[in-house]
Amino acid sequence: MSSPALLAAVGEVGKGFVQERSSETLPCQATDKLFCFDWATNNIGRYETPTIQHVELVVISVLLGFAVAFALALLAHRRRWLQPPLLAATGVLFTIPSIAFFFLLLPLTGRGRDTAIIALTAYTLQIIYRNTIVGLANVPAAVKDAARGMGLTERQILWKVELPLARPEIFAGLQIATVSTVAIATLATFANGGGLGEPILRQGIDFKTNLIIAGGIAFLMAILFGLILFAIQRLLTPWRRAEAT
Amino acid sequence: MTGALAHPVQASIEGAFEFIFTPQTSNVTGGKTVGGINQVIELAANQIELTILALALSLLVALPLGLYLGHRGTGELVATAVGNVGRAIPELALIAFMAALIGVGVLNLTIALAVLGIPPILANTFVGIHQVDRGTVDAARGMGMTGFEVLRKVEIPLAIPTLFAGIRGAAIAIVATATIAPIAGVLTLGDFIINRNVYGDDGVLAGAILVALLALVLEFSLAGLQRLLTARGLKLSTA
């Protein structure tokens, strides 16, 4: 009735066909081999555009998500009664699977990169918001008292004392949000949002070399982003390094 | 399989609800009808089945291991590294690759989805058990509890929030990724979303609504279960 089952069946037929003919007479990409080095070296350029699109999707979504979630967290830090409803609201956005979110937006924004970015941004909100709130809550009351005693205003306490001390939690949130978004952005292609999911969806599941390259780039990108954010966090929290050594 | 760019979007909320409840004639299936409550139930059942199987497999693997490592206090590096690396696995590539490597079908998809479910459960179980206050554990031992009793009566109840955060994270990842199961030969609600040329834009929107609802129901159920499993005394102290 529907095409995936049909495609799978065609794939099975194709597999038999390939195995009957010896793999020597066929180019590697027509065989069942796990990885075709020749094809990979000749075609690696194909992945440049999807990779750049992927980076853009992630960076824009996480930056937007950070801007919104950070603002919400500061607001909720001042007005405590906002915390439960904001946690619930961001929780709902977090729970709705991105692939469903893309298409819930269909009547509003149609298909394309903007739709993908909105959905990915919505996904990051809860992680960043919650970590910022936790980070601010973990600042010892005595530290704030000391700051007050030194004559700092509430605004100064927030920016000069509380937020710097909350940096480890805030960065942990950013890290989790970024790494997850790199992984989830592979689904953006369903909404015509581009990214590394695009070559996967276009070539189907039978060409493993393509799956390994596209999936591998996404995986390494996630790890790399995670490490970069970890390094920045270390740079911005020198007192933690002092403690560790 | 990819939605064509040139087509204007023709989705409306009313159309989507009509698609959910009444079968429609599709222009590509040769007059066969698509949608309707029966097909919705069939696909939803597949997605629920797949989600439960994968979550059960994840729990079976990750929970005992996390409890053991957390209780012993060893393997912190492994547990947290698995948690961090697991988050970096690209869903679409994973499903496609596992389907290519071990084949399509419910069993293989269950394994692929469990790959997503195991890391958060393992990492959170470890952290939850490991961070239980040493003094509390010592007190339990002093009362004559065996190692297993300490785990069951003290460490697990105190670790419930962290433990459940992991299980809920795993469940959300699994039910979300089960949406793209049709690319690996198992028809879930995601089929409405992925195969726009069969179901039309109303079908796509209907699929998105149904998948979102399913995920929210799952999340609320697990939140409810967490509440049930939280010791009464702990609920009072946090209220």
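This report walks through the interface of chain A and chain B in a predicted model, then turns to a bent helix in chain B.

**The interface**

Let's start with the overall numbers. Chain A brings 41 residues to the contact, and chain B brings 48 residues. Together the two chains bury about 4000 Å², with 79% of that area coming from carbon and sulfur atoms.

The rule finds one salt bridge between chain A and chain B. Its partners are Arg111(A) and Asp201(B), whose closest N and O atoms lie 3.2 Å apart.

Which helices of chain A each supply at least two residues of the side that touches chain B? They are helix 1 (3-20), helix 4 (83-95), helix 5 (98-104), helix 6 (106-109), helix 9 (154-184), helix 10 (197-203) and helix 11 (208-236). Helix 11 of chain A gives the most, with eight residues. Sorted by class, the side of chain A that touches chain B looks like this:

| Class (chain A side) | Number of residues |
|---|---|
| Nonpolar | 29 residues |
| Polar | ten residues |
| Charged | two residues |

**A bent helix in chain B**

Now have a look at helix 7 of chain B, which covers residues 147-177. A straight helix of 31 residues would span 45 Å at 1.5 Å a residue, yet helix 7 of chain B spans only 38 Å between its end C-alpha atoms. Where does this helix bend? The bend, of about 65°, is at Ile160(B), and the proline Pro161(B) follows within four residues.

Note on methods: Residues are numbered from 1 along each chain as its sequence is written. Chains are lettered from A and ligands numbered from 1 in the order in which they are written. This is a predicted model: local features need pLDDT of at least 70, side-chain atom pairs count only at pLDDT 80 or more; totals for chains, interfaces and linings use all residues. Side-chain values use heavy atoms; hydrogens and water are left out. Contact means heavy atoms within 4.5 Å. Buried area is the accessible area (1.4 Å probe) that two parts lose on being put together, summed over both. A salt bridge is a side-chain nitrogen of Lys or Arg within 4 Å of a carboxyl oxygen of Asp or Glu. Ala, Val, Leu, Ile, Met, Phe, Trp, Tyr, Cys and Pro count as nonpolar, Asp, Glu, Lys and Arg as charged, and the others, Gly among them, as polar. The expected span of a helix is 1.5 Å times one less than its number of residues. The bend at a residue is the angle between axes fitted to the seven residues ending there and the seven starting there.
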